[in-house]
Amino acid sequence: MVLEHIDFELLPGEIHALVGENGAGKSTCLGLLYGLHKPTDGTLLLNDAEAAIESPAHAQQSGIGFVFQELSLAGSLSVAENIFAGRAPSRFGIVDWSELRRRAEALLTEFGLSIDVSLPVDSLPISTRQIVEIAKAMSLNPMILLLDEPTSALTPDEVEGLFVVLRKLAKKGIGIVYVSHHMSEIFAISDRI
């Protein structure tokens, strides 16, 4: 059995690091919180009420966003299309491309990233794609953000830029679960381990 006797609490505005050796169940724990796995026992409370997260779509509707270690972007689509995939602003059933680009640019500005959002994701460096992935999760306005090894493809400067953004999100009351094998990152960014 995986994740026996786990008691985990995330507070609003907290960056909580989830640590353990390889195979300890960190990603499985995130998957349970995001509806990728079904618990066989135990209770999940969301805003002090018992919750059963049935699927990733249900998790998103419940205010939970997830940034996976493996990128889930569609390479041939633009940055803006990826960020708002399936949720592009439209008028009379037609995508409002200028509004889509404006929203994507505004979101990326929060990350200190100024790029042409009409570029295909395939044309971007891996580090920029990672930031686009995080922006995609944030476009859903989550109250909880799950990050599984979000810095695996980032340079030290980009990691620090990400940390600035995460601190801003925490100040807005977003609870963040942060998984990393880099202990220096854990101690630099987390409020609780």
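In this predicted model, the side chains of Arg167 and Glu160 meet in a salt bridge, with N and O 3.4 Å apart. Both partners are partly exposed: Arg167 has a relative accessibility of 33%, and Glu160 has one of 41%. Elsewhere, salt bridges that share partners join Glu99, Arg102 and Arg103 into one network. The whole structure contains 6 salt bridges, and its largest pocket has a volume of about 1400 Å³.

**Salt bridges**

- Side chains of opposite charge can pair when their charged atoms come close.
- Glu14 pairs with Arg192 in a salt bridge whose closest N and O atoms are 2.6 Å apart. This pair connects distant parts of the chain, since Glu14 belongs to the segment before β1 (15-18) and Arg192 to the segment after α7, 178 residues apart.
- The two partners fall into separate accessibility classes: Glu14 is buried, at a relative accessible area of 7%, whereas Arg192 is partly exposed, at 29%. Glu14 counts as buried because its value of 7% lies under the 20% limit.
- A further salt bridge joins Arg103 to Glu99, with an N to O distance of 2.9 Å. Both residues belong to helix α4 (residues 97-110), where they are 4 residues apart, or about one turn of the helix.
- Arg103 is partly exposed, with a relative accessibility of 34%.

**Largest pocket**

- Rolling a probe the size of a water molecule over the atoms shows where empty space is left.
- The lining of the largest pocket consists of 41 residues, and those nearest its centre are Phe8, Leu33, Thr43, Leu44 and Leu45. Two or more lining residues come from each of the elements α1 (26-33), β2 (44-46), β3 (49-51), β7 (144-148) and β8 (175-179).
- Among the contributing elements, helix α1 gives the most to this lining, with 4 residues.
- Sorted by class, the lining comprises 23 nonpolar, 10 polar and 8 charged residues.

**Nonpolar surface patch**

- A nonpolar patch on the surface is formed by Val19, Met183, Phe187 and Ile193, which together have about 390 Å² of accessible area.
- Ile193, one of the patch residues, is located in the segment after α7 (183-189). The relative accessible area of Ile193 is 49%, and this residue is partly exposed.

- Most residues other than glycine have a negative phi, and most peptide bonds are trans.
- Asn47 has a phi near 55°, a positive value in a residue other than glycine. Asn47 sits in the loop between β2 and β3 and is exposed, with a relative accessible area of 74%.
- Asn47 and Pro12 are 35 residues apart along the chain, and their C-alpha atoms are separated by 9.7 Å.
- Glu149, also not a glycine, has a positive phi of about 55°. Glu149 lies in the loop between β7 and α6 (156-171) and is buried, with a relative accessible area of 5%.
- Where Asn47 is exposed, Glu149 is buried.

Definitions and conventions: Residues numbered from 1 in each chain as written. Predicted model: local features only at pLDDT ≥ 70, side-chain atom pairs only at ≥ 80, totals over all residues. Heavy atoms only, no water. 1 Å grid on protein atoms, 1.4 Å probe; cavity = no way out; pocket = protein on both sides within 12 Å on 5 of 7 lines; lining within 4 Å. Points joined across faces, edges and corners; volume = space filled by probe spheres on them. Nonpolar A, V, L, I, M, F, W, Y, C, P; charged D, E, K, R; others polar. Patch = residues over 30% accessible without salt bridge, like charges linked within 9 Å, V, L, I, M, F, W, Y side chains within 5 Å. Areas by Shrake-Rupley, 256 points an atom, 1.4 Å probe, with all protein chains shown as cover. Salt bridge = Lys/Arg side-chain N within 4 Å of Asp/Glu carboxyl O. Buried < 20%, exposed > 50% of the residue type's maximum accessible area, 1.4 Å probe, protein only.
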